[in-house]
Amino acid sequence: RAGFLIKVFGISGTMARKNMKRNKKRFRITVFSIVISSVLFIVFNSLFDFTMYVNPNAEMGFDYLITSATGTFEKDEIQRISDIQGVTKVYPKRNPVHYQASVPEDKKGNIKDYDFVSNGYVNLQLISYGDTSLEEFNVDISDIKDKNGCVLIQRNVYLSSRNKYMSGDITSFKSGDIISLNTWGESGNPVHFKDLYVHSVRDEDIFSKDIIGRIIAVVPEKVYEDITGDSSIQQLIISVDENADKESIMKDLKELNDEYPWYNIVDFSAEEKRNREFSLQLFVFFYGFVAAITLIGSLNIINTISTSIIQRRREFATLKAVGMSQSQVSKMIIYETIMQGIKSGILGGIFGTVLVYVLDNLFRNIDTTGVFQIPWNSILIAFTGAVLISLLSSLAPLKKIKSQDIVSNIRNID
């Protein structure tokens, strides 16, 4: 083993390895100091990611929502809103209607902690956002409106056995399947009512987020009216051009509100703006804090290694006195610091990951994969930083030692 080290790194590498074994206490103190700095960086850098995940920027997919106290909207009202400059789309949302959908045993989903299918049935929410909305799902309206067709969303959020929110499919219907819709009969049992053709399956609805305890069937207006017998429009969902003057649009909507006082207008674009500002403040705060932690950790590493090298002047002078060249001593010191950095980076990555795992279980509300994600980026940065800072920390004291007299250092005289 020593012969291999001599061949690869020379006598300097062999001496560096032996020094670490001989001076275990000093080596452990140095490594401990670097590990603490690495762990702090990994934990606080990951904490920022968790916080941003728990408090995401509320991207609703639309800008304004209008509800009418009359329970519906007339065509001319919808047209007037569509004609406002900057408005790109108006989605007429129908009132969601719930049915019991039959679920064969082979169509149950992949959620093992909780069974949303009860006695062979699952709650299905039938909804329509207007025919235009189907373009968002890349669906040709002509393909499904005459087939009682739908776009099915079956991915749900649920509380796992680890007391953690996760997501999974509560059913496993596929494109081309037929779903049997049932209503509650007089006897209290589900009675077959209509069939729905599954045109395609999507993981997310374009407007509803974090679906819990149901599957959603998004259908064209004609299919919705044929099944429910209801043509009323509950809400208008409005999207505007990203470069539009939103203040002007809101002014026009308020003027309409004066004319139609039964409107209730919600400005989600203003809420998203507030969320973006909050996210930016959070970003500056956390990364400022991470930068401070990194700076303190770097200074701590530099101070620890520099002090350790300066205190060993007599040792280095003795090695030179017995025949080692200045170049060999310098390489030995550099190899030592690199080895310290590598070992510290590995230990810091391990301990940092353990603490991040604890934080993940404590603070993470939604885990879309159901699997803990190791913070590889933070670990790689911390490992690289530990090695580089350790190496750079040795350069200044090494330069100082080179300029000092061997005899004075052996006598330990400054």
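User: Leaving aside its neighbours within four places in sequence, which residues is leucine 152 in contact with?

Analyst: This is a predicted model, in which local features need pLDDT of at least 70 and side-chain atom pairs count only at pLDDT 80 or more, while totals for chains, interfaces and linings use all residues. Residues are numbered from 1 along each chain as its sequence is written, and side-chain values use heavy atoms, with hydrogens and water left out. Contact means heavy atoms within 4.5 Å, and with those neighbours set aside leucine 152 is in contact with Phe173, Ile179, Val198, Ser200, Val201, Arg202, Ile215, Ile216 and Ala217.

User: Which residues have the most contacts inside the largest nonpolar core?

Analyst: A nonpolar core is a set of buried Ala, Val, Leu, Ile, Met, Phe, Trp, Tyr and Cys residues joined through side-chain atoms within 4.5 Å, where buried means under 20% relative accessible area, exposed over 50%, and partly exposed in between, with a 1.4 Å probe and protein chains only. The largest such core here has 25 residues, and those with the most contacts inside it are Leu124, Leu126, Leu152, Ile179 and Leu196. Another core, of 20 residues, lies apart from it and has Phe73, Ile78, Val87 and Ile249 among its members.

User: What is the order of the strands in the open sheet of four strands?

Analyst: Strands of a sheet pair through backbone hydrogen bonds, either parallel or antiparallel. Helices (H or I, at least four residues) and strands (E, at least two) are DSSP runs, numbered from the N terminus, and two strands pair if DSSP finds at least two bridges between them. In this open sheet the order is E2-E11-E1-E12, with antiparallel pairing. Strand E2 (87-93) and strand E12 (263-267) stand at the edges with a single partner strand each, so one side of each is left without a neighbour in the sheet. Four bridges join E1 (residues 64-68) to E11 (residues 235-240), and tyrosine 64 has isoleucine 238 as its bridge partner in E11.

User: Is glycine 297 buried or exposed?

Analyst: Glycine 297, found in helix H7 (residues 268-310), is buried, with a relative accessible area of 7%.
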